[in-house]
Amino acid sequence: MAFTADDRIAVTELISMHGHLIDNGELDRLDELFTADVVYDVSDFGFGVVQGLTAIREAALALGEGNPVGHHVTNVVITKVADDHVRALSKGIGIMADGTCGSATYEDTISRGDRGWRITHRKVRARRAPLGAG
């Protein structure tokens, strides 16, 4: 099946939906975003690599009040690898309860399966310095 403009929209909306579900605490809906065996790498933030939906849910609950109150994503760029497999690069802005914020880059691998497009691997890189320095 070819990668179409409709697929591009679906992948972009998938990436965008992450912030809505997480910020609303709808952790029971993680399967709408990720495959069951997803690898979620937040080692750049000191949290290591989390694998699977249950582990992501438990990590979010354990972080509790340390979670951002707002995940905002922008600048989505999708690169087709195969008809049912793409890579996406996007920018994230996290807003904390105290008003501080930070910037990140999401590096996603996304595949199409029986339930549509889902993220199979996500690496979140913290942006701490300007002009590509970190």
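## Trp 117 and the aromatic pairs

Trp 117 has a relative accessible area of 6% and is therefore buried (buried means under 20% relative accessible area, exposed over 50% and partly exposed in between, with a 1.4 Å probe and protein chains only). The model is a predicted one, in which local features need pLDDT of at least 70 and side-chain atom pairs count only at pLDDT 80 or more, whereas totals for chains, interfaces and linings use all residues. Residues are numbered from 1 along each chain as its sequence is written, and side-chain values use heavy atoms, with hydrogens and water left out.

Rings of Phe, Tyr and Trp (its six-membered ring) are paired if their centres lie within 6.5 Å, and planes under 30 degrees apart count as stacked, over 60 as edge-to-face and the rest as tilted. Two aromatic pairs are found by this rule. The ring centres of Phe 3 and Trp 117 are 5.7 Å apart with planes at 90°, so this pair is edge-to-face. It joins distant parts of the chain, since Phe 3 belongs to the segment before H1 and Trp 117 to strand S6, 114 residues apart. Helices (H or I, at least four residues) and strands (E, at least two) are DSSP runs, numbered from the N terminus. Phe 3 is also buried, because its relative accessibility is 14%. Phe 34 and Tyr 40 have ring centres 5.7 Å apart and planes at 80°, so they too form an edge-to-face pair; both residues are buried.

## The largest nonpolar core

A nonpolar core is a set of buried Ala, Val, Leu, Ile, Met, Phe, Trp, Tyr and Cys residues joined through side-chain atoms within 4.5 Å. The largest one has 26 residues, of which Val 11, Phe 34, Tyr 40 and Ile 110 touch the most other members. Two or more residues each are given by helices H1 (5-23) and H2 (53-63) and by strands S1 (34-41), S4 (85-95), S5 (101-113) and S6 (116-127). H1 supplies the largest share, five residues.

Setting aside residues up to four places away in sequence, Val 11 touches Phe 3, Ile 78, Val 86, Ile 110 and Trp 117 (contact means heavy atoms within 4.5 Å).

## Helix H2

Leu 53, Ile 56 and Ala 60 are buried in H2. Viewed down the helix axis, the buried residues of H2 fall within an arc of 65°, so they line one face; the arc is that of the directions from the axis to the C-beta atoms. These buried residues pack against S1 and strand S2 (49-51). The exposed residues Thr 54 and Ala 62 are on the face of H2 turned away from its buried side. Gly 64, with a positive phi near 50°, follows H2.

Asp 84 is located in the loop between S3 and S4 and counts as partly exposed because its relative accessibility is 33%. Beyond its neighbours within four places in sequence, Asp 84 is in contact with Met 1, Ile 110, Ser 111, Arg 112 and Trp 117.

Most residues other than glycine have a negative phi. Asn 75, which is not a glycine, has a positive phi of about 55° and is placed in strand S3 (residues 70-82).

## Charges over rings

The charged end of Arg 122 sits over the ring of Tyr 106, 4.1 Å from the ring centre. Arg 128 lies over the face of Phe 45, at 5.8 Å from the centre of that ring. A charge sits over a ring if NZ of Lys or CZ of Arg is within 6 Å of the ring centre and within 35 degrees of the ring normal.
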